[in-house]
Amino acid sequence: MALFLLSSVVVGVLVGRFTGFRLPDWSVNVVLYVIIFLVGVDLSKEKLRFDVALKVLLTVVGTVLGTYSGALIFSLFSSLKISEILAVASGFGWYSLSAVIVSNVHSAQLGAIAFFSNVLRELYAIVLTPVLSKYSRNAVVSIAGATSMDTLLGPISHYTDRETSLLAFAHGFIVTMLVPVMVNLFLVFSR
């Protein structure tokens, strides 16, 4: 399945590049909303329990701490300021928003870094979901970051169970809300 997902992206890029075929911008959002709607219908069968809510919060905390720990380790090998690296990492995989915020508030160069690093996070999550799901379902949700409620929700649902899908959706929603706050917060310190 991971090979199929990755191949689909590569084939799409090649078709777009060599044929000039373009979908209207709105069509991608429509397909994404339909997928999220269908997963939501499937998740509606679950009842919200306290232990699930606690698991969501712990997974969000783990995602944030893990992301920032990795960013701090990377800062040892980079000439960028720690606040700039943390701002980039605060995209949590949401490359379209984080790159725009970073470009507008800081610079186009750091915005490009934010875009590339968050795209890589999403690609790693797509490739690693089938493998990680065998060992840790929370890890699958965490590595997806903000995309656990949209792009990666389908693969997470496929490789895990309903409870993990519910966790992924709630986790992604909370992390998505953190992105503009945390990116802007760290950019204030980078000036």
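Is Ile156 buried or exposed? Notes on that and a few other spots follow.

1. Bear in mind that this is a predicted model. With that said, Ile156 is buried, its relative accessible area being 0%. The residue sits in helix H8. Setting aside residues up to four places away in sequence, Ile156 touches Thr129, Val140, Val141, Ala144, Ser148, Thr164 and Ala168.

2. Next, have a look at Ser148, which is found in the loop between helix H7 (137-144) and helix H8 (153-159). Ser148 also has a relative accessible area of 0%, so it counts as buried, the limit being under 20%. The side chain of Ser148 makes a polar contact with the side chain of His171 at 2.9 Å. A polar atom of the Ser148 side chain also lies 3.1 Å from the backbone oxygen of Gly145.

3. Staying with Ser148, its contacts beyond four places in sequence are Val141, Leu153, Ile156, Ala168, Phe169, His171 and Gly172. Ile156 from point 1 is on that list, and Ser148 is on the list for Ile156.

4. Now the helix pair H7 and H9 (residues 162-189). Their axes come within 10 Å and cross at roughly 25°. The two helices are therefore roughly parallel to each other, and the crossing of H7 past H9 is right-handed. On the H7 side the contact is made by Arg137, Asn138, Val141 and Ser142, and on the H9 side by Thr164, Leu167, Ala168 and His171. Sorted by class, that gives 3 nonpolar, 4 polar and 1 charged residues. His171, one of the H9 residues here, is the residue whose side chain pairs with the side chain of Ser148.

5. His171 turns up again with Val56. Val56 belongs to helix H3 (residues 50-75) and is buried, at 7% relative accessibility. Leaving out neighbours within four places in sequence, Val56 is in contact with Leu167, Ala170, His171 and Ile174. If you want a C-alpha pair to check, Val56 and Gly172 are 116 residues apart along the chain and separated by 9.5 Å.

6. The other helix pair to look at is H5 (residues 95-105) with H6 (residues 108-132). Here the axes come within 7 Å and cross at roughly 165°. That angle makes H5 roughly antiparallel to H6, and H5 passes H6 in a right-handed crossing. H5 contributes Tyr95, Ser98, Ala99, Val102 and Ser103 to the contact, while H6 contributes Ala108, Leu110, Gly111, Ala114, Phe115, Asn118, Val119 and Glu122. The class count for this contact is 8 nonpolar, 4 polar and 1 charged residues.

7. Last one, a backbone item: what is the phi of Phe92 near? The value is near 45°, which is positive in a residue other than glycine. Most residues other than glycine have a negative phi, so this is one to look at in your own viewer. Phe92 is placed in the loop between helix H4 (82-89) and H5. Phe92 counts as buried, at 0% relative accessibility.

Definitions and conventions. Residues are numbered from 1 along each chain as its sequence is written. This is a predicted model: local features need pLDDT of at least 70, side-chain atom pairs count only at pLDDT 80 or more; totals for chains, interfaces and linings use all residues. Side-chain values use heavy atoms; hydrogens and water are left out. Helices (H or I, at least four residues) and strands (E, at least two) are DSSP runs, numbered from the N terminus. Buried means under 20% relative accessible area, exposed over 50%, partly exposed in between (1.4 Å probe, protein chains only). A polar contact is a pair of N or O atoms within 3.5 Å; within protein, one must be able to donate a hydrogen and the other to accept it, and residues adjacent in sequence count only if both atoms are side-chain atoms. Contact means heavy atoms within 4.5 Å. Axes are lines fitted to C-alpha atoms, for helices over the stretch in contact, and angles run from 0 to 180 degrees between N-to-C directions. Angles under 35 degrees count as roughly parallel, over 145 as roughly antiparallel, 65 to 115 as roughly perpendicular and the rest as oblique. A crossing is left-handed if the near helix is turned anticlockwise from the far one by less than a right angle, and right-handed if clockwise. Ala, Val, Leu, Ile, Met, Phe, Trp, Tyr, Cys and Pro count as nonpolar, Asp, Glu, Lys and Arg as charged, and the others, Gly among them, as polar.
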